[in-house]
Amino acid sequence: MKRLISFMLSVLVSLTTWANYQEFYVNQEKLPFTALDNAKAYYGVFNKAGYRIEVPDDWNGELVMWAHGFRRMGTLELTVDNHPMRAFLISQGYAWAASSYSRNDYDVSTAVQDTLALMKRFNGLVGKPSKAYMTGLSMGGHVSAIMIEQFPQMFAGAMPVCGALNDYENFDFILDFNLGAQQLALGSSIFPVQPETYVTQTVPSIKQNLQSQPGGWPVLLNQQGEKFRNLVMMQSGGVRPNFIEGFIFWNSFPDIGTGPGNFVFDLGLSNGVLPRNPGIVASNDDVIYQLDADPTLTAEEQAFNDAIYRLTLAPQTHTENGLSQVPVVNGDIKIPVLTMHNLGDLYVPFKSQIDYAKRVQSHGKSDLLVTRAYRGVLHCDFTAQEMVRSFLDLVEWVETGNKPVGDDLLDQANVAANDFGCQFTDGYHLLGTPCP
């Protein structure tokens, strides 16, 4: 009887796991798309992921892969994005391919495996490309960085766009934002927060205590509010143009659940555990918080650092090598990489690019990295001409060995300069500060 019960329980667990996995689905009626003139469209489902492929009739033999960004765990439908440079790529003879991935959520491992599977599918449907480029957006930038580090022989170059290239530290920023706001506004901080009351009661109190007059948040701040804004600035990439506009935007308009202006506070409702991760993914136990741009700690800053809640990372969470739900980007690149990022982005802050540049430098590979900054506050907001210019520069780099120009992110004085981000900005960006 015990064996029978044990067997039935194991079957039940297996069926439950399978049922949960099967909750994600591809609506095959949405996969078909009309190919552009003089091109052929392929689409379907492969290894439980939807895909789209487009190949020009005069294919130059080269393939551009596209990795899409984050989809929420609660979103069960798996969808495919067309490549944002689709028309340009087809006109220039490039084929492109994109996967829905077989799971939603922040699951880079699954995205990497499904993108690799799609490349094999492409080989079977179209033919093996002579050269492949890896491109991706947001979480897809993280996917791109892992792809080229772990499978460098498969790619000639990569262009991560607005990518989360500092892996876990993007979760750390959300933690820093919420703990810092609590500590400066309320005099104490906790993690995790009470989701039932945090945004309805605690966050309004935070805003009230950080503004200089009723309704002033996030523009009119008192001294504590200015210190909080400085903390966010330093934790998101340091002194730089377009940060103030970004701070105001991300604390006024975006809405992911409880209302406009609560975007980063809403992200702080999480308990820090991802569905398939073994522990909390965020930490701040080694962070030295600054309330101004002066690196010297004042007595007030020391007291703040002593008082703020400290969260220690679960040691089993970070996997330095191989694939995990949030694999670590080491920066040990072997092919040319060109990145793009907006200075005022606070969803994936500009600091991700600085951290990536530091990691690449630590491996002595800075000669293989070009990073470009843009004057804008939205996440992944780039004009067509900006995207095309960067891709063409990457291709020329790969083909000729001539490294294109970029922005120096490792010189803080350069990042803080009034004209930083002007060199490559080309076109309208929401709240992008004018260049001198």
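**Notes on the predicted model**

1. Let's start with Gly-157. Setting aside neighbours within four places in sequence, Gly-157 touches Ala-132, Tyr-133, Met-134, Ile-335, Pro-336, Leu-394 and Val-398. The glycine sits in strand E6. Its relative accessibility is 0%, so Gly-157 counts as buried. Bear in mind throughout that this is a predicted model.

2. One distance from that glycine, in case you want a reference pair. Gly-157 and Met-233 are 76 residues apart in sequence, and their C-alpha atoms are 32 Å apart in space.

3. Now the overall build. The chain has 13 helices and 8 strands. Its radius of gyration is 23 Å, close to the 22 Å that the globule rule gives for 436 residues, so the chain is as compact as a globular protein of that length. Taken along the principal axes, the C-alpha atoms fill a box of roughly 75 × 65 × 40 Å.

4. On burial and surface: 55% of the 436 residues count as buried. The chain exposes about 18,500 Å², and carbon and sulfur atoms supply 53% of that area.

5. Next, the disulfides. The count comes to 2. As a reminder, a disulfide is a covalent bond between the sulfur atoms of two cysteines. With the bonded cysteines numbered in sequence order, the pairing reads 1-2, 3-4.

6. Take the bond between Cys-162 and Cys-380, with an S to S distance of 2.0 Å. The angle about the S-S bond is 100°, and the link is right-handed. Cys-162 lies in the loop between strand E6 (157-161) and helix H5 (169-186), while Cys-380 lies in the loop between strand E8 (369-374) and helix H12 (384-400), so the bond ties together parts that are 218 residues apart in sequence. Are these two cysteines buried or exposed? Both Cys-162 and Cys-380 are buried.

7. Then there is the pair Cys-422 and Cys-435, whose sulfur atoms are also 2.0 Å apart. Here the angle about the S-S bond is -110°, and the link of Cys-422 and Cys-435 is left-handed. Both Cys-422 and Cys-435 are in the segment after helix H13 (412-416), 13 residues apart.

8. Cys-422 has a relative accessible area of 18%, which is under the 20% cut-off, so Cys-422 is buried. Cys-435 has a relative accessible area of 38%, which lies between 20% and 50%, so Cys-435 is partly exposed.

9. Helix H8 (residues 243-250) is worth a look down its axis. Its buried residues are Phe-243, Gly-246, Phe-247, Phe-249 and Trp-250. Seen that way, the buried residues of H8 fall within an arc of 165°, so they line one face of the helix.

10. What do the buried residues of H8 pack against? Their partners are helix H7 (223-236) and helix H9 (263-267).

Note on methods
Residues numbered from 1 in each chain as written. Predicted model: local features only at pLDDT ≥ 70, side-chain atom pairs only at ≥ 80, totals over all residues. Heavy atoms only, no water. Disulfide = S-S within 2.5 Å. Helix = DSSP H or I, 4+ residues; strand = E, 2+ residues; numbered from the N terminus. Buried < 20%, exposed > 50% of the residue type's maximum accessible area, 1.4 Å probe, protein only. Contact = heavy atoms within 4.5 Å. Arc of directions from axis to C-beta. Rg over C-alpha atoms; globule rule 2.2 N^0.38 Å. Areas by Shrake-Rupley, 256 points an atom, 1.4 Å probe, with all protein chains shown as cover.
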